[in-house]
Amino acid sequence: HEGGVVAYSYASPFAKLSADEQCCGTSRIPGNLACCNGRGYDPRVQTCSDRTTSTQGKGCGIGVLCPLAKHSTAFCDSCDFDASTEVCGSRPGKAPSLCSKQEQLVYFGTETHFRVADLLPDTPYELQVEAQTAGGATRSDWALTRTLQATLPAPRLTVLGSDTVEVAWDPLAEGFGQVLFFLVLRDGAVVQNVTGRAVEDAGLTPGANYVYSYEAHTDLMTTRSLVANATTFTSVPDGLTAPDCSADGPTSVTVRWTPPEKPNGALVKYQVQLLGEGGSVVDVDVGVLKHEVDELLPGQAYALRVFACTSEGCKGSSQCDVSTPEQAPLGQG
């Protein structure tokens, strides 16, 4: 952070796209939020009080966030501005005075730089430098700045089964403000709106990986957490349709199939089963979607099934029926 400019980097273009974030002043906020003087907010429940009464323009004050119900009276950092008896505005290039508390000395020495620590996140501050010599002292103008939004830790994930993940998180640290609600996001999309700190996300696909985060919406700011990954437990496949069986000749049949509609995890193999007396089961690699069954008898009817398997077990299709053609007698002539 130098000269009021902040650059945020991502590991790859895909990571940047997946993060779905935007710049708001020098802060980085979720892409679904609006921007209010360096802080993100949810326009569905909040409004930004940076409007002037004279032109309905922006940029008056630091943009205090107000409940959406206060939009008609949200002007110049006040949620209850009486526009019928007062007007407010701002002069370009002139920052308003923000300090309502007494000045505090944070450094005394001879260095020309100093890092002020232990400040509140997403909070405006004014700073001033005083130079002293034997002949007296002089002070600089006040410089206005704002701390960046704090980062929330990733949620804790517990896989409860093949289709359910529990998402939980810790209480917010002091300085974030009073919690209004939390949004739980799966793969960047909002799935639940809650006021507590734990939810169960059900109806998921078995054996699938999901990315979770949460947004804290408070009366002061909106902040998104880091992300965490969870993979649901693998289950047996489902939705394997009947294969297609065709006779290649009097003694061989080719079986063709498509992958199951719901693998419910990583497939480890297929199996082709020849039903009936003298039947057999043959394992087939997951990258192969056909198999030739040979050493059959001419002019016979056969039934076959295909099984898709994960580490948890196999699920079979319905059978297909096929007959090998008859063969001319041998040894005649």
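## A right-handed link

The link of Cys24 and Cys35 is right-handed, with 85 degrees about the S-S bond. Its two ends sit in distant parts of the chain, 11 residues apart: Cys24 in strand β1 (residues 21–24) and Cys35 in strand β3 (residues 34–36). Strands here are DSSP E runs of at least two residues, numbered from the N terminus. The sulfurs of Cys24 and Cys35 are 1.9 Å apart, and a disulfide is a pair of cysteine sulfur atoms within 2.5 Å.

Cys24 is buried at 0% relative accessible area, whereas Cys35, at 40%, is partly exposed. Buried means under 20% relative accessible area, exposed over 50%, and partly exposed in between (1.4 Å probe, protein chains only).

## About the model

This is a predicted model, where local features need pLDDT of at least 70, side-chain atom pairs count only at pLDDT 80 or more, and totals for chains, interfaces and linings use all residues. Residues are numbered from 1 along each chain as its sequence is written, and side-chain values use heavy atoms, leaving out hydrogens and water.

## Other cysteines

How many disulfides does a search of the whole structure find? There are five. One of them joins Cys245 to Cys320, S to S 1.7 Å; both Cys245 and Cys320 are buried.

Another disulfide joins Cys309 to Cys314. The torsion about its S-S bond is about 110 degrees, so the link of Cys309 and Cys314 is right-handed. Cys23, by contrast, is in no disulfide, and the nearest cysteine sulfur, that of Cys24, is 8.8 Å away.

Terms used: Helix = DSSP H or I, 4+ residues; strand = E, 2+ residues; numbered from the N terminus.
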